[in-house]
Amino acid sequence: MQPLTVGVAAVEGALLVALWVAYRRGNTAAVVNTVGAISLTLVPPLLAVTVGAAGPELRGLAFWIAVAGFLHALGMLGRYDSVWWWDHLTHTLSAALAAALLYAGLLVVAPAIAVAGTVLSIVVLGVLWEVGELFAREVGERYDIEPVLVHYGWRDTALDLLFDVVGAGVVVALDVRLFRPVVEAAVGAV
């Protein structure tokens, strides 16, 4: 068995433990976010089936998704409140994952704008995420329920966006092309 496959299975197992802990604590936000993370780990196997993508790139994607989801789940279970840098870590890692996928896609379909398009897209996605946090807060307050995303204030929003850009910047600076074969398989299947 491939080391990445073992790593993915281990992190997915850890996600299931996080889900159990969130459920036992009655932490609805952590349950919803962990279920979301677990659901995203199903994307690479679905890509393998639907577009015929395979190889270490797809296992790398699965591992990256699982790790990012697990770190976010731990954040929802309390790390965001108790570890000052946890939110920065998860934003950087998640933004880098999204940037790596966007960068690969742009290298395939529009290489001339790959760098600028990736960074700009991550900024837009980051803003949309922050708006989602605000919306979740408003819904939670209106209906007196725990929001599934937490907004910690405008300073946090600015730092989140900064670390989103850091994640994208690392991807384009290091010219991370890990997922290009996955994108090429997906484009070829269309």
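## Helix α6

In helix α6, the buried residues are Ala114, Gly117, Thr118, Ile122, Gly126, Glu130, Glu133, Ala136 and Gly140. The model is a predicted one. Among the elements that cover the buried residues of α6 are α5 (86–109) and α7 (154–173).

Helix α6 covers residues 114–143, which is 30 residues. At 1.5 Å a residue the helix should span 44 Å, and its end C-alpha atoms are 42 Å apart, so the two values agree.

## α5 against α6

Two packed helices are described by the angle between their axes and the distance between the axes. For α5 and α6, the axes come within 9 Å and cross at roughly 135 degrees. The two helices are therefore oblique to each other. Their crossing is right-handed.

On the α5 side, the contact is made by His91, Ala95, Ala98, Ala99, Leu102, Tyr103, Leu106 and Leu107. On the α6 side, it is made by Ala114, Val115, Gly117, Thr118, Ser121, Ile122, Leu125, Trp129 and Glu130. By class, the contact of α5 with α6 has 12 nonpolar, four polar and one charged residues. Ala114, Gly117, Thr118, Ile122 and Glu130 are listed both in this contact and among the buried residues of α6.

## α1 against α2

Helix α1 (residues 3–25) packs against helix α2 (residues 28–40) at an angle of about 160 degrees, and their axes are 9 Å apart. That angle makes α1 roughly antiparallel to α2. The crossing of this pair is left-handed.

From α1, Leu15, Leu16, Ala18, Leu19, Ala22 and Tyr23 take part; they meet Ala30, Val31, Thr34, Val35, Ala37 and Ile38 of α2. The residues of this contact divide into 11 nonpolar, one polar and no charged.

## α1 against α4

Helix α1 also packs with helix α4 (residues 56–82), at an angle of about 25 degrees and with the axes 9 Å apart. That makes α1 roughly parallel to α4. The crossing of α1 and α4 is left-handed.

In α1, the contact residues are Leu4, Thr5, Gly7, Val8, Val11, Ala14, Leu15, Ala18, Val21, Ala22 and Arg25. In α4 they are Pro56, Arg59, Gly60, Ala62, Phe63, Ala66, Val67, Gly69, Phe70, Ala73 and Leu77. This contact of α1 with α4 divides into 16 nonpolar, four polar and two charged residues.

Most residues other than glycine have a negative phi. Asp144 is not a glycine, yet has a positive phi of about 55 degrees. This residue follows α6 and is found in the loop between α6 and α7. Its relative accessibility is 71%, so Asp144 counts as exposed, the cut-off being over 50%.

Asp175, also a residue other than glycine, has a positive phi near 50 degrees. Its place is in the loop between α7 and α8 (180–189). Because its relative accessibility is 32%, Asp175 counts as partly exposed.

## Thr50 and Tyr143

Thr50 lies in helix α3 (residues 43–51). At 56% relative accessibility, Thr50 counts as exposed. Along the chain, Thr50 and Tyr143 are 93 residues apart, and their C-alpha atoms are separated by 40 Å.

Methods
Residues numbered from 1 in each chain as written. Predicted model: local features only at pLDDT ≥ 70, side-chain atom pairs only at ≥ 80, totals over all residues. Heavy atoms only, no water. Axes fitted to C-alpha atoms, helices over the stretch in contact; angles between N-to-C directions. Helix = DSSP H or I, 4+ residues; strand = E, 2+ residues; numbered from the N terminus. Parallel < 35°, antiparallel > 145°, perpendicular 65-115°, else oblique. Left-handed = near helix turned anticlockwise from the far one by under 90°. Contact = heavy atoms within 4.5 Å. Nonpolar A, V, L, I, M, F, W, Y, C, P; charged D, E, K, R; others polar. Expected span 1.5 Å × (residues − 1). Buried < 20%, exposed > 50% of the residue type's maximum accessible area, 1.4 Å probe, protein only.
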